[in-house]
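Subject: Predicted complex for your review

Dear colleague,

Please find below the structure that I am handing over to you. My notes on what was found in it follow.

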Amino acid sequence: MIVDYSVGHTGSVHDSWAFRSTRTFREHEHIFGAGEWMWADSAYPSEMWSVSPFKKPARGELDHDQKTFNYHLSKVSKIHNEFRPFGSCYRFVFVSSMQLDC
Amino acid sequence: MLEELRQHHLTTQRQRFQDRVASALSDVSSSGTSDSMSVVSESDAGSFMSIDMPDILTSDGFIIDTDNPASATSTSDSDSLHSISNFEIDYYINWERRYRELLDIIQHTRVLRPAPPIPKCSQLHLLDHWRAYSPERFCRKLRVAPETFDHLVNKIENHPIFHNNSNNHQLPVHIQLSIFLFRAGHYGNSSSPEDTAQWSGISVGAVEKSTDRVVIALLSHHDQAIHLPDAVEKEKSKAYVEEVVCPEWRDGFLLADGSKFPFYQRPGLHGDAWFDKDGAYSIDCQVNLIYYDLCICI
């Protein structure tokens, strides 16, 4: 279920910057209780309330624990793949609702 | 060159307009003014619409130059000054009537050159067949299962946008929703109003109106569909995470991701800013989900 969204940044904007426009970012103190967090991919900031996978450093490799962590994290965020194909489906809906706003 | 074209265009338009007015006026004058005396000044008629009308009006009766009432009375009637005022009254009444009739024609002419209707063939009946015999084809066309479709119709059919207080009823809601879903499930040319109109056998204008109405009706459910999770939804999401990974991770109940909606073409304003990492022009969308009711419909 979609709980929050933000639309309107240009396509060239990085995910982590566009994410700052969402209500989740601005009101994260209220949305996340003590010890609660959200899952994100490595484009998003790492915060107390935002958990993203380890990024491979410019030189060197991830160690074993980091790889294990990323492996299990990818399981919990596998919904990514289910969500993405709907992009083209949403496209038209979005454009028509934008026309109505004008 | 351009000036010539413009002149030619103007002349053609004037000619067409003149033809219409001439035919309308001849209809009117043959039916309405058989007994009353028509008095029209040539010069006034000429300045009235900057087109030449005397050809039409001469067939109608007298032409009296009102600039010279003496000669007018001498040719038509030898009575006293009293009849001149009658002429004038007749003249103004006629003039106003014609003016109103002309205005009526101008205001109610919708199509200048009527064209033959565009042949179309509705394929909507196939949906009923597919619903019964092959739901996967129904799903491929409208991108929702028949049950979801029925549910959506139930959700939106009571919205006031579908009820106009008129004798001309709208299309049934399920047809309007079919048209909307067909467009939402296609992109490019296929989702254009023309293609949708040919598929559904209705007019282009009806396709656009149906789409707008359905979007309005769906948006009225926005806050019910998209809202922060309550305790029950949060708990279900946590249970899902616990099941997939481990109990220690169950408090991560939310998922953030971004997606992009590609544009049809490069926007005119700040075009380069819309260029994304995938090489397309798109607008960004950030979405936060909870793991609950994973079937994303619409």
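Within chain B, confidence is highest in helix α6 (residues 124–133), at 95, and lowest in helix α3 (residues 54–58), at a mean of 42; these values are pLDDT, the predictor's confidence in each residue, from 0 to 100. Residues 32–78 of chain B have a pLDDT below 50, although this stretch has 49 contacts in the model beyond near neighbours in sequence. A contact means that the C-beta atoms of two residues, placed from the backbone, lie within 7 Å. Where pLDDT is low, the predicted coordinates should not be read in detail. Chain B has a mean pLDDT of 80, with 79% of its residues at 70 or more, and the predictor gives the complex an ipTM of 0.78 and a pTM of 0.65.

This is a predicted model, in which local features need pLDDT of at least 70 and side-chain atom pairs count only at pLDDT 80 or more, while totals for chains, interfaces and linings use all residues. Residues are numbered from 1 along each chain as its sequence is written, and chains are lettered from A and ligands numbered from 1 in the order in which they are written.

Chain B contains 13 helices and 2 strands; helices (H or I, at least four residues) and strands (E, at least two) are DSSP runs, numbered from the N terminus. Of its 298 residues, 21% count as buried. A residue is buried if 20 or more other C-beta atoms lie within 10 Å of its own, exposed if 12 or fewer, and partly exposed in between, with C-beta atoms placed from the backbone.

Strand β2 (residues 282–290) of chain B has 9 of its 9 residues buried, so it is largely enclosed by the rest of the structure. S282(B), D284(B), Q286(B), N288(B) and I290(B) point one way from this strand, and I283(B), C285(B), V287(B) and L289(B) the other way. Pairing requires that DSSP find at least two bridges between two strands. Strand β1 (residues 2–10) of chain A pairs with β2(B) in the antiparallel sense over 6 bridges, with D4(A) partnered by N288(B). Strand β1 (residues 252–262) of chain B also runs antiparallel to β2(B), joined to it by 9 bridges; here F261(B) has I283(B) as its bridge partner.

G252(B) lies in strand β1 of chain B and is buried, with 25 other C-beta atoms within 10 Å. Not counting residues up to four places away in sequence, G252(B) touches W37(A), M38(A), W39(A), V51(A), V76(A) and V241(B).

The largest nonpolar core has 24 residues, and those with the most contacts inside it are M38(A), L254(B), L255(B), A256(B) and I290(B). Such a core is a set of buried Ala, Val, Leu, Ile, Met, Phe, Trp, Tyr and Cys residues joined through C-beta atoms within 7 Å. Two or more residues come to this core from each of α1 (15–19) and β2 (37–39) of chain A and β1 and β2 of chain B. A second, separate core of 22 residues includes F138(B), F180(B), I202(B) and A217(B).

In helix α10 (residues 193–200) of chain B, T196(B), A197(B), W199(B) and S200(B) are buried. They cover an arc of only 165° around the axis, which puts them on the same side of α10(B); the arc is that of the directions from the helix axis to the C-beta atoms. Their cover includes α6, α9 (173–184) and α11 (204–219) of chain B.

With kind regards
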